[in-house]
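Please look over the sequence and the structure shown below, and keep both in view while reading the report that follows.

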Amino acid sequence: MKSFMANPSTVERKWYVVDATDKTLGRLAAEVAKVLRGKNKPTFVNADKVVLTGKKLTQKLYFHHTGYLGGSRFMTAKTLLETNPVKMVEKAVRGMIPKNRLGEQIYSKLHVYAGPEHPHAAQKPEVLEINVR
């Protein structure tokens with residue numbers, strides 16, 4: 001019996017679209033990270049791309065440090081949602097994938113949009129149902 005070795009000709013790439021409206025942010029981010037990493041496939045190949053649409057408001061604090069003394073910056077989810085609604089979901093999914101070069105490649109396959117419209121209709125994405133609270 002031979003071991004499976006993934007190469008570009010044998011990898012099947014799919015596009016998925018996920019509606020993030022009325023879903024818990026952390027649970028949704030964990031499920032999307034599983035799909036991005038390829039854990040939903042028996043071959044464990046991270047070739048799928050995910051398009052997230054919609055938005056969710058939570059009461060979380062986001063932290064950023066400027067690099068200077070006393071440079072701690074905190075932002076509530078409400079403020080972050082008003083200024084940049086996409087960044088909240090991107091930060092949640094980014095925290096669930098590896099922090100290395102492979103993680104950067106995985107993260108580049110995530111596309112997040114604030115509304116229900118997205119410009120990826122030509123790729124014919126499949127609807128991915130994620131059942132989280």
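## A nonpolar patch on the surface

In this predicted model, Leu61, Phe63 and Phe74 form a nonpolar surface patch whose accessible area is about 350 Å² together. A patch is made of residues with over 30% relative accessible area and no salt bridge, where like charges are joined within 9 Å and nonpolar side chains (Val, Leu, Ile, Met, Phe, Trp, Tyr) within 5 Å; a salt bridge is a side-chain nitrogen of Lys or Arg within 4 Å of a carboxyl oxygen of Asp or Glu. Accessible areas come from the Shrake-Rupley method with a 1.4 Å probe, and for residues only the protein chains shown count as cover.

Phe63 lies in strand 3, residues 61–65, where strands (E, at least two residues) and helices (H or I, at least four) are DSSP runs numbered from the N terminus. Phe63 is partly exposed because its relative accessible area is 46%, given that buried means under 20%, exposed over 50%, and partly exposed in between (1.4 Å probe, protein chains only).

## The largest pocket

The largest pocket has a volume of about 170 Å³, and its lining includes Phe63 and Phe74, among other residues. Strand 3, strand 4 (72–76), helix 2 (77–83) and helix 3 (85–94) each give two or more residues to this lining. A pocket is an open set of points, on a 1 Å grid over the protein atoms alone, where a 1.4 Å probe fits, with protein on both sides within 12 Å along at least five of seven lines, and lining residues have an atom within 4 Å of a point. Its volume is the space filled by probe spheres set on the points, which are joined across faces, edges and corners.

Lys60 is found in the loop between strand 2 (49–53) and strand 3, and it is partly exposed because its relative accessible area is 47%. Leaving aside residues up to four places away in sequence, Lys60 touches Met75, Thr76 and Ala77, a contact meaning heavy atoms within 4.5 Å.

His111, in strand 5 (residues 110–113), counts as buried because its relative accessibility is 19%.

## The chain and the numbering

The protein chain has four helices and six strands, and buried residues make up 33% of its 133 residues.

Residues are numbered from 1 along each chain as its sequence is written. In this predicted model local features need pLDDT of at least 70, side-chain atom pairs count only at pLDDT 80 or more, and totals for chains, interfaces and linings use all residues, while side-chain values use heavy atoms, with hydrogens and water left out.
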